[in-house]
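User: I'd like to learn how to read single features in a model like this one. Please take me through a few, with the general idea and then the case at hand.

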Amino acid sequence: MGPSTNPRPFRSFQYLAAVAAMTLLILQIGCGTQTSQDPIESEPQKQETAKIEWYEGDVDEAFRVASSTGKPLFLYWGAQWCPPCHYLKNKIFSRPEFVAQMKNFVPIYLDGDTERAQALGEELDVQGYPTVIIFNSSGDEVMRMSSSVPIEQYAIVLDNAVSGMKPVQEVLTEVLEIGPEASSTADLSMLANYSWSQASNLDLSEKKLLQAFKKLYEETPESQAVNKSRFLAFYVQGLIREQLDDDSNNPSGLDSASRLALIPPVVDVLGTAKLRNSNLVFVSYGPRYKLDLLTPTESSDREDLLAAWMKAAQAIEQDESLTVDDRLGGTMALVDLATTPAQDADSEDSDFVPAEMQQHARDQIAWALETVDDQSELQSVVNALAYILEMAGLEDEAETLLIEKLSDTTAPYYFMAWVADLKEQAGETDQAVEWYRQAYDNSEGRYSRFRYGSTYLRKLMELQPESSEAIETDSLEILAELLGHSDAFAGGNFSRLNSLESAYQDWGEEQRDHDSIGKIRDFVHAACERYPEENKDDQYERCTSFLSLDSSSEMMM
């Protein structure tokens, strides 16, 4: 599911009327051709499929092969249920030029559900799906590729990353020391396409990273317009993150003049096809955040920026060079820009989306479903479609779509959990629990089974706390399956065990059901001997600490 919109400050009735009028105008002028499109034969996904020869051995063996051959290693971390993973596989990994380029690498696919994948994922410090990491032949991490790298630039970015084979921390330090103007194009390209949201392994505070983005944006030469535009996007998004955490609502001392100075380059990105398509995530997701940062009050600047953003979103929808997924990003932006938030943040009134925009969203969804019929591609596209319907205030239609498309997608259990969430939001708690259980029952894979099983257990305790017998019985069933794996207390498994432990403690305290909690704790502790104390991954200690008397003593009193 995509990012959610944040509560908005009160807007004047004049502004709301202007948004409604702008929405109608855009829909009437530019979007009529979207409602009955034929499949686009020129789109990248229509080309002949090519396949990467992924290394068949384990990760350690792949690193040894890279060392002996002197080749860099390309590691892709993914999962069957993950919509963005299917986007990568269908839109980038299948491109002939990319497949040819992989012959210069040792490419290995690490599925999060394979044996000890979660332990390896923790060692590699992967933060989510998908993650793409480039290592040099010595096994040193060089770069984490951003999922937002444009399709046509992916191969170029890879070439730039391996040209010097320097870790990104070293590259960033050098570029900041000598200045972007004196830096190589390859180094700037590497920084402009790095996955900074997955940079937890770098020694950088949010403040230092924001300062770095500012310098990179301001000092990168105009001749490198794409890299400069991506640094601008990183900087603006960094300002937004800081603003959300800053009570003063004035991140980094950003004064009025500084805000105004950022508007023209942002408008340039919105209005220039190459720059816009190189920054699709920036343009498509959460545009109201950017509007509020750059133009926090009603003004002609705000109206002009709003118009430019809506025009850019419309252009993305109609750009036949883009994939269906990317074009739907334009629809997301239009819906977000046309949405009127509830005037009172504490009100039960939901955001308002004009009926014309809701119908436009439906038209785009009909077009996408006529265009895409591949199961793998639908895993990604249906994800976008349901999110658009939710954004547009059409939750019932989102639920209907998800249920109708379950059998057409690669991993339907991902969408079953989404249906459960919609049922929960609608107050249909019994049905929600049934759908959470159905998602678990239909899930496949070592980690995925516990991912959906632990969610079901947490929701069972939250929505049906009186169901002590089911909570105990189902917990033992789901935990028994997990404890059969050698990475039960590693990576994503351990993160979800932590969340589950907190849920058990809250439920046990509320229901005073200490007996069930004790049985669950003892069941887990009986398996701890499977994880030797001398192992470097700390799984034994984590096992013995689960629901330990020390952590649960206050609850058990």
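User: What is the relative accessible area of Lys-215, and which class does that put it in?

Analyst: Buried means under 20% relative accessible area, exposed means over 50%, and partly exposed is in between (1.4 Å probe, protein chains only). Lys-215 has 26%, so it is partly exposed. Glu-219 comes out at 29% and is therefore partly exposed too.

Before we go on: this is a predicted model, where local features need pLDDT of at least 70 and side-chain atom pairs count only at pLDDT 80 or more, while totals for chains, interfaces and linings use all residues. Residues are numbered from 1 along each chain as its sequence is written, and side-chain values use heavy atoms, with hydrogens and water left out.

User: Which residue does the side chain of Lys-215 meet in a salt bridge?

Analyst: To call a salt bridge, look for a side-chain nitrogen of Lys or Arg within 4 Å of a carboxyl oxygen of Asp or Glu. Lys-215 pairs with Glu-219 at 3.1 Å, N to O. Helices (H or I, at least four residues) and strands (E, at least two) are DSSP runs, numbered from the N terminus. Both partners sit in helix H9 (residues 206-219), four residues apart, about one turn of the helix.

User: How many salt bridges are there by this rule?

Analyst: The count is 25. One of them joins Arg-288 and Asp-336 at 2.9 Å, N to O. That pair links distant parts of the chain, with Arg-288 in helix H14 (residues 287-294) and Asp-336 in helix H16 (residues 324-338), 48 residues apart. Both Arg-288 and Asp-336 are buried.

Arg-302 and Asp-292 make another, with their closest N and O atoms 2.8 Å apart. Here Arg-302 belongs to helix H15 (residues 300-318) and Asp-292 to H14, ten residues apart. Arg-302 is buried at 2% relative accessible area, and Asp-292 is buried at 10%.

Salt bridges can also be read as a network: Arg-437, Asp-441, Asp-474 and Glu-477 are linked that way.

User: What about Arg-276, which is buried yet has no salt bridge?

Analyst: For charge, Lys and Arg count as positive and Asp and Glu as negative; His and the chain ends are not counted. The nearest side chain of opposite charge to Arg-276 is Asp-319, 5.2 Å away.

Next, check polar contacts: pairs of N or O atoms within 3.5 Å, where within protein one must be able to donate a hydrogen and the other to accept it, and residues adjacent in sequence count only if both atoms are side-chain atoms. A polar atom of the Arg-276 side chain lies 2.8 Å from the backbone oxygen of Leu-270. Arg-276 itself is in helix H12 (residues 273-277). Contact means heavy atoms within 4.5 Å; leaving aside neighbours within four places in sequence, the contacts of Arg-276 include Val-269, Val-283, Ala-312 and Ile-316.

User: How do S3 and S4 pair?

Analyst: Two strands pair if DSSP finds at least two bridges between them. S3 (residues 131-135) and S4 have four, in the antiparallel sense. Val-132, for instance, has Met-145 as its bridge partner in S4. The two strands form a hairpin with five residues between them, and Gly-139 in the turn has a positive phi of about 90°.

User: Why would you call S4 largely enclosed?

Analyst: Four of the five residues in S4 (residues 141-145) are buried, so the rest of the structure largely encloses this strand.
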